[in-house]
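This briefing concerns the structure displayed below.

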Amino acid sequence: MNNQLRPMKIGFVCYPTFGGSGVVATELGKALAEKGHEIHFITYSAPARMGSLKSNLFYHEVRVSDYPLFDYQPYELVLTSKMVEVTLAHDLDMLHVHYAIPHASAAVMARDILEAKGVYIPVVTTLHGTDITLLGREPAFEPVISHAINRSDAVTAVSESLRQDTIDLFGVNRDIDVVNNFICTRHFQKEADENFRTSIAPDGEPIITHISNFRPVKRVHDVLNIFIQIRKEMNAKLLLVGDGPERSKIEKLAQESGIGDDVICIGKIKNPVEPLLISDLFLLPSETESFGLAALEALAAGVPVIASDSGGIPEVVEHGKSGFLAPVGDISAMSLHALQLLQNPAMMADAKRLAIEQSGAYTIQKILPQYEKIYMRLMQVRNNKAQK
Ligand code: GMT
């Protein structure tokens, strides 16, 4: 434990799903708990990556009863009340919420309710991307997101690109700390499962992988079209991991393109490490990506990445080193880069080595202290307030 930072009790609010923001929040909470802090997850179901409860790790369910009075159940209000309840019951020091809505706006309201009761609790908001780049553009959400950002006690963004987008889109004039996403290296220090590899590529074909929530922003049709170009030149398999609105369309397109047998969709899985360890190349041609945690996970598994040069991706993947970047939608450039790597073993070996090397800049050991520094800053403000 850092000498200057006493163990703290922190309420963590996130989406408990497999999405990047939930994964980052859960892994951060677990690592802080291991360092001696007391972490209370406040979510509508147990976070997917939480695993079994350990000491210092707690989970409080937000349960919205089905009131026949409402056409829409007021989740944000129930979440707010739960944050107030857990803060008082467990004497929390801080709330760290991941994703602007409804988490940051609910936390700001919870803090106001608690302040009226004479309890001051700082709110840290971590912005993850779609809350800013997609929802932030919606007039239906913009005023609430702006308010939540301006009224949080500290705001972090997962990349410099997202920090700039937040300033540009919301005109906020407050400090935003950039704290990058991270990986837990030990999760990747495993042998690849050879049976799994053979089941996907029985004749030793290279495996090209894409992992996402299959939303339009991921441009999974580009993934398929890049693969079709590669397949014209060499044997290969496309491994699609995850599920979402575009999946059945992509499966149908793969069948119609005559390469259906080379496209394997395995759906949603808890942990992306196993498929990454058997992969040769990772594709992430997204329209935008505030960071691209999936790309970082691929690098950590020693898998070079071919991606679009949008959002925060260039901060993660170094063009010409750990992979290649091209403009959004430039399928021919991305397929040429992919073939360059797949057909050149020496270049591929270098890219694999650089992938692992570059992911080393984003380990939890390097990122966690950056969050602790922010917590420490807010604890000082809290203590000063208490002394007045
Ligand atoms: O990628 C998604 O659509 C899921 C989304 C989320 O909120 O879970 O991911 C966002 O947050 C991740 C974690 O910070 C980032 O790595 C992703 O780049 C970001 N997605 C987008 O910006 C599209």
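The ligand lies between domain 1 (9-182 + 363-387) and domain 2 (185-362), because both domains give residues to the shell around the ligand. The structure is a predicted model. The shell consists of 17 residues, and the protein covers 92% of the 480 Å² of accessible area that the ligand has on its own.

**Ligand shell**

- Among the 17 residues that surround the ligand, the closest are Ser21, His128, Lys218, Glu289 and Ser290.
- Sorted by class, the shell comprises 11 polar, 4 nonpolar and 2 charged residues.

**Polar contacts to the ligand**

- His128, which belongs to the closest residues of the shell, places a polar side-chain atom 2.6 Å from an oxygen atom of the ligand.

**Domain arrangement**

- The protein is divided into two parts: domain 1 is made up of the segments 9-182 and 363-387, while domain 2 spans 185-362.
- Taken over C-alpha atoms, the centres of domain 1 and domain 2 are 31 Å apart.
- The contact between the domains involves 25 residues of domain 1 and 22 residues of domain 2.
- The position of the ligand between domain 1 and domain 2 follows from the shell, since each of these domains contributes residues to it.

**Cysteines**

- A disulfide is a covalent bond between the sulfur atoms of two cysteines.
- The count of disulfides in this model is 0.
- Cys14 takes part in no disulfide, and the nearest cysteine sulfur, belonging to Cys184, is 14 Å away; a disulfide would require the two sulfur atoms to be within 2.5 Å.
- Cys14 has a relative accessible area of 1%, and is therefore classed as buried, the limit being under 20%.
- Cys184 is also in no disulfide, with the sulfur of Cys14 as its nearest cysteine sulfur at 14 Å.
- Cys184 is classed as buried because its relative accessible area is 9%.

Methods: Residues numbered from 1 in each chain as written. Predicted model: local features only at pLDDT ≥ 70, side-chain atom pairs only at ≥ 80, totals over all residues. Heavy atoms only, no water. Near = heavy atom within 4 Å. Polar contact = N/O pair within 3.5 Å; in protein donor to acceptor, adjacent residues only side chain to side chain. Areas by Shrake-Rupley, 256 points an atom, 1.4 Å probe, with all protein chains shown as cover. Nonpolar A, V, L, I, M, F, W, Y, C, P; charged D, E, K, R; others polar. Domains from an automatic or database assignment. Buried < 20%, exposed > 50% of the residue type's maximum accessible area, 1.4 Å probe, protein only. Contact = heavy atoms within 4.5 Å.
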